[in-house]
Amino acid sequence: MLARPNSAAARIIPAIDVPDPARAAEIAAALAPHTGPVKVGLELFGAGGPAAMRQVAAHAPVFLDLKLHDIPNTVGSAVRALLPIRPAMLTIHAAGGAAMVAAARRAAEEAGEDRPIILAVTVLTSIDTETLASTGVSGGPVQQVLRLARLALDAGADGLVCSPQEVSRIRDAFGAAPALVVPGVRPPGSEAGDQARTATPAEAIAAGADWIVVGRPITRAPDMVAAAQGIAASIAAGIG
Ligand SMILES: O=C(O)c1cc(=O)[nH]c(=O)n1[C@@H]1O[C@H](COP(=O)(O)O)[C@@H](O)[C@H]1O
């Protein structure tokens, strides 16, 4: 399994959200020396499938973010079908329930020691209190994140995806063991866009994130490498 990061740069997961596999491979090649694993999500996987993921994986371990959410048998089978392309990390939705999370973990185990880390997405970082309430969940994101974290970790998830605003509460409740992967991260002065629960890279790491996921602030920067290096420097300094 992928080891926890041991440098500021290794904590950064760039999200390569582009619809062009050749461009994605170029971005991965440019960023990999300055970051940790790279993320392949629904846009790139939809455009190029397993072949696009393999091209990216030539440069760095891949966080394959397909956010699986279905009946347990389907999710377990999907995880099994993805094992040959050797993702280092895989996402499922904790809201799919304990049996679904357990099915994902059991399927991942079939890859042996090199199995992917199973990460349970709690409450998407784009969701604020009002949006959450509109889905029938009252009480706010922190409470729901902690509820889903408990469910997912008890069912066998190796770690969680949450916003920077819940990280310290998760560490308080569950300690150092769960891998915490944190999107919704915005360097000072950058646009939040559709992200609702945000903080800066240094704040997310100080709160206890293992990895931060950063998409547009890197991939839409005029100089992607400089943007990644700036984020790593801010994490190392604990500022910004
Ligand atoms: O699982 C994820 O990576 C994820 C979960 C979540 O709650 N919020 C979230 O933004 N993400 C992903 O993290 C990335 C964030 O991208 P930017 O908003 O461009 O930094 C996107 O690829 C999202 O799919």
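The shell around the ligand takes at least two residues from each of two elements, strand β8, 211–214, and helix α9, 216–219. Keep in mind that this is a predicted model. The residues around the ligand number 19, and those that come nearest are Ala15, Thr125, Pro183, Gly215 and Arg216. Of these, Arg216 falls within the range of α9, 216–219. By class, the shell around the ligand has eight nonpolar, seven polar and four charged residues.

Now the helix pairs. Start with α1, residues 21–31, and α2. Their axes come within 9 Å and cross at roughly 45°. An angle under 35 degrees would count as roughly parallel, and 65 to 115 as roughly perpendicular; α1 and α2 are therefore oblique to each other. The crossing of α1 past α2 is right-handed. On the α1 side, the residues that meet α2 are Pro21, Ala24, Ala25 and Ala28. On the α2 side they are Leu44, Ala47, Gly48, Ala51, Ala52, Gln55 and Val56. That contact divides into nine nonpolar and two polar residues, with no charged ones.

Staying on α2, which spans residues 42–57, look at Met53. Is Met53 buried or exposed? There are 20 other C-beta atoms within 10 Å of Met53, and the threshold for buried is 20 or more, so Met53 is buried. Which residues is Met53 in contact with, leaving aside its neighbours within four places in sequence? They are Val40, Phe45, Val62, Leu64 and Ile85. Ala95 is another matter: it sits 42 residues from Met53 along the chain, and the two C-alpha atoms are separated by 26 Å.

The second pair is α3, residues 72–82, with α4, residues 98–109. Here the axes are 8 Å apart and the packing angle is about 25°. With the cut-off for roughly parallel at under 35 degrees, that makes α3 roughly parallel to α4. As for handedness, α3 passes α4 in a right-handed crossing. From α3, the contact uses Pro72, Asn73, Val75, Gly76, Val79 and Arg80. From α4, it uses Ala99, Met100, Ala103, Ala104, Arg106, Ala107 and Ala108. By class, this contact of α3 with α4 comes to nine nonpolar, two polar and two charged residues.

To recap the two pairs: α1 and α2 are oblique to each other, while α3 is roughly parallel to α4. The contact of α1 with α2 has no charged residues, whereas the contact of α3 with α4 has two. That's it from me.

Methods:
Residues are numbered from 1 along each chain as its sequence is written. This is a predicted model: local features need pLDDT of at least 70, side-chain atom pairs count only at pLDDT 80 or more; totals for chains, interfaces and linings use all residues. Axes are lines fitted to C-alpha atoms, for helices over the stretch in contact, and angles run from 0 to 180 degrees between N-to-C directions. Helices (H or I, at least four residues) and strands (E, at least two) are DSSP runs, numbered from the N terminus. Angles under 35 degrees count as roughly parallel, over 145 as roughly antiparallel, 65 to 115 as roughly perpendicular and the rest as oblique. A crossing is left-handed if the near helix is turned anticlockwise from the far one by less than a right angle, and right-handed if clockwise. Two residues are in contact if their C-beta atoms, placed from the backbone, lie within 7 Å. Ala, Val, Leu, Ile, Met, Phe, Trp, Tyr, Cys and Pro count as nonpolar, Asp, Glu, Lys and Arg as charged, and the others, Gly among them, as polar. A residue is buried if 20 or more other C-beta atoms lie within 10 Å of its own, exposed if 12 or fewer, and partly exposed in between; C-beta atoms are placed from the backbone. A residue is near a molecule or strand if its C-beta atom, placed from the backbone, lies within 6 Å of it.
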